[in-house]
Amino acid sequence: MRQDHLSTTFAALADPTRRAILARLADGEASVSALAQPFQMSLPAVTKHLKVLERAGLITRGRQAQWRPCKLDAQPLRAAADWMAPYRPFWEGSLDRLDDYLTTLQTKEHNDDQP
């Protein structure tokens, strides 16, 4: 069976801890212990998150002596963004209509307050 890379990417992104790890790695490579620091979880738990990100192709892990740096690989994010791009006009149109509606309500409220 062919692996569905888009589903793997979205599954990896579904967890807030993994998204936070990716946000940290956007600033540059980091060790597992540095990535674990802001979270109230064990190193093995963070390592499990890293394995999910690695399987999704979102990070790579290297080895430099005792240091195992993790590095962001944003290519799968590009594929996810490309998949979502056709839906952007729909959401922007919806938000524009909401803005127009709220402006109409504010204008009506302001006019109702006038003597």
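I looked up the confidence of this predicted model by element. In the protein chain, helix 6 (residues 88-113) has the lowest confidence, at a mean of 85, and helix 2 the highest, at 96. The score is pLDDT, the predictor's confidence in each residue, from 0 to 100. Residues are numbered from 1 along each chain as its sequence is written, and side-chain values use heavy atoms, with hydrogens and water left out.

Next, the elements. I found six helices and two strands in the protein chain; helices (H or I, at least four residues) and strands (E, at least two) are DSSP runs, numbered from the N terminus. Their order from the N terminus on is α-α-α-α-β-β-α-α. The radius of gyration of the protein chain is 21 Å, well over the 13 Å that the globule rule gives for 115 residues, so the chain is more spread out than a compact globule. The radius is taken over C-alpha atoms, and the rule is 2.2 Å times the number of residues to the power 0.38. I also noted that the C-alpha trace spans about 75 × 35 × 20 Å along its principal axes.

Of the 115 residues, 23% count as buried, that is, under 20% relative accessible area with a 1.4 Å probe, protein chains only (exposed is over 50%, partly exposed in between). Among contacts (heavy atoms within 4.5 Å) with a separation of 6 or more, 53% join residues 24 or more positions apart.

I went back to helix 2 (residues 16-25), where the buried residues are Thr17, Arg18, Ile21, Leu22 and Leu25. Seen down the helix axis, they fall within an arc of 140°, so they line one face of helix 2; the arc is that of the directions from the axis to the C-beta atoms. Their cover includes helix 1 (5-13), helix 3 (32-36), helix 4 (43-55), strand 1 (59-61) and strand 2 (70-72). At the start of helix 2, I found a side-chain oxygen of Asp15 within 2.8 Å of the backbone nitrogen of Thr17.

Last, I checked Thr9, which lies in helix 1. Thr9 counts as buried because its relative accessibility is 2%. Leaving aside neighbours within four places in sequence, Thr9 is in contact with Ala56, Leu58, Pro76 and Ala80.

Technical notes: This is a predicted model: local features need pLDDT of at least 70, side-chain atom pairs count only at pLDDT 80 or more; totals for chains, interfaces and linings use all residues. A polar contact is a pair of N or O atoms within 3.5 Å; within protein, one must be able to donate a hydrogen and the other to accept it, and residues adjacent in sequence count only if both atoms are side-chain atoms.
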